Amino acid sequence: MARIRRERPVLLAAILSALAALAAGMNKWVVLVLLLVMILTALFNEAPIIEAEPAPPVEIEPEAPPSRLPEVSATLSGLDIPVMVLSDDASVLFQNRAAEKAFGEVALGAHISARLRSPGVLDMVRETIATNAPNQIEHAERLPSERVYMVRSAPIEFAADERYFILSFRDISEVRRIDRMRSDFVANASHELRTPLASLRGFIETIQGPAKNDLKAQARFLNIMLDQTTRMSRLVDDLLSLSRLELKSHIAPDEKVDLVPLLGHVRDALVPLATDVGVAINLHLPDGKVEVLGDRDELVQVFENLMENACKYGQEGEVVDVWLKNGTGQPVEVSIVDKGPGIPAEHVPRLTERFYRVSIEDSRSKKGTGLGLAIVKHILTRHRARLIVKSEVGKGTNFTVRF
């Protein structure tokens, strides 16, 4: 409520002046008019001063800060690894394209368990939300294909009332595959070396002991020992070849090699072996040169291996045909075709794996090391060429090298 304060000193002065004039004998009407003028002047000059009570202060509520989720989503959308952003109740707030491709689209707001059923991953997410500490676990997906991920959950904090959690998936399938291949390789190489070494030790102990004076037994044992040492020598040579090929696999050869005389040279070198197993090697070569970029010695090794395998494992068909094709506008192809028993379909995709054999006993009886086709694959990879295998049980096998 407002208060009005009036100042009175001027009014009192006017009344006192009027009384003095009357005492001095002035006309009362004149004095009255002067008094009236002085009163009106005082009233107009002395305006009331209005003092308002101070209004209570108005409290303005601060605006809530904008959510940082759009900023986080925009940053994560460009990553090439699957990433999801979760709320503090494990609901999916965002997933990038890599996550959609890997796991399928998840409805935003749905619980993470609607897509990932792994107890280990769900327990890890719950622990991260409860403790606000990062965790990680290895997780394998079986469908649609076998993949192995290193899954990591971690908190993202922007403010006291805004908490998000990031769930990322790093694909380590290739790392695990290489580790498995390395361990298999070591195990297989150790086994392949251990067997002939055990035989050699046994024969040496026999010659030193019971057969010490038996010359016939010694001669027979020495022949077996020579075969075993030759087998170990081939195995070591193949291992060294693989090692050398891996070191220079990224360097493509740039030498021009004519395949027509090269295939003739390989066939001539294998004629004694083919004759021993009763197989004829027939060449079907075009007229003129057929040149490709390559390393001549390595290509000789490729076609020796393929022709030798065709003679050994397809000897029942008695014929091995080698075709060299060089059509206009078509890639150069060399096909080695046998009429043998063929290879079951389930074995074909694994033929180039190290130490993989369709029949272990058959391979060892034919003095194979299990590394020949692995060497072929590495050489052709360096030459930017492909090995195509087609086989039908009972009808034979076709190995085609396509440059």
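Helix α7 passes α11 in a left-handed crossing, a crossing being left-handed if the near helix is turned anticlockwise from the far one by less than a right angle, and right-handed if clockwise. Helices here are DSSP runs of H or I with at least four residues, numbered from the N terminus. The model is predicted, so that local features need pLDDT of at least 70 and side-chain atom pairs count only at pLDDT 80 or more, while totals for chains, interfaces and linings use all residues. Residues are numbered from 1 along each chain as its sequence is written, and side-chain values use heavy atoms, with hydrogens and water left out.

Two packed helices are described by the angle between their axes and the distance between the axes. For α7 (residues 215–247) and α11 the angle is about 20° and the axes lie 10 Å apart, which makes α7 roughly parallel to α11. Axes are lines fitted to C-alpha atoms over the stretch in contact, with angles running from 0 to 180 degrees between N-to-C directions; angles under 35 degrees count as roughly parallel, over 145 as roughly antiparallel, 65 to 115 as roughly perpendicular and the rest as oblique. In this pair, D238, S241, L242, L245 and E246 of α7 meet A374, I375, H378 and I379 of α11, where contact means heavy atoms within 4.5 Å. By class, this contact of α7 with α11 has five nonpolar, two polar and two charged residues (Ala, Val, Leu, Ile, Met, Phe, Trp, Tyr, Cys and Pro count as nonpolar, Asp, Glu, Lys and Arg as charged, and the others, Gly among them, as polar).

Helix α7 also packs with α6, at an angle of about 160° and with axes 10 Å apart; the two are therefore roughly antiparallel to each other. The contact of α6 with α7 divides into 16 nonpolar, six polar and two charged residues.

Both α6 (173–208) and α11 (372–382) supply at least two residues each to the lining of the second largest pocket, and the largest share, six residues, comes from α6. On a 1 Å grid over the protein atoms alone, a pocket is an open set of points where a 1.4 Å probe fits, with protein on both sides within 12 Å along at least five of seven lines, and lining residues have an atom within 4 Å of a point. This pocket is lined by 20 residues, of which R177, M181, T352, E353 and R354 lie nearest its centre, and the lining divides into six nonpolar, five polar and nine charged residues.
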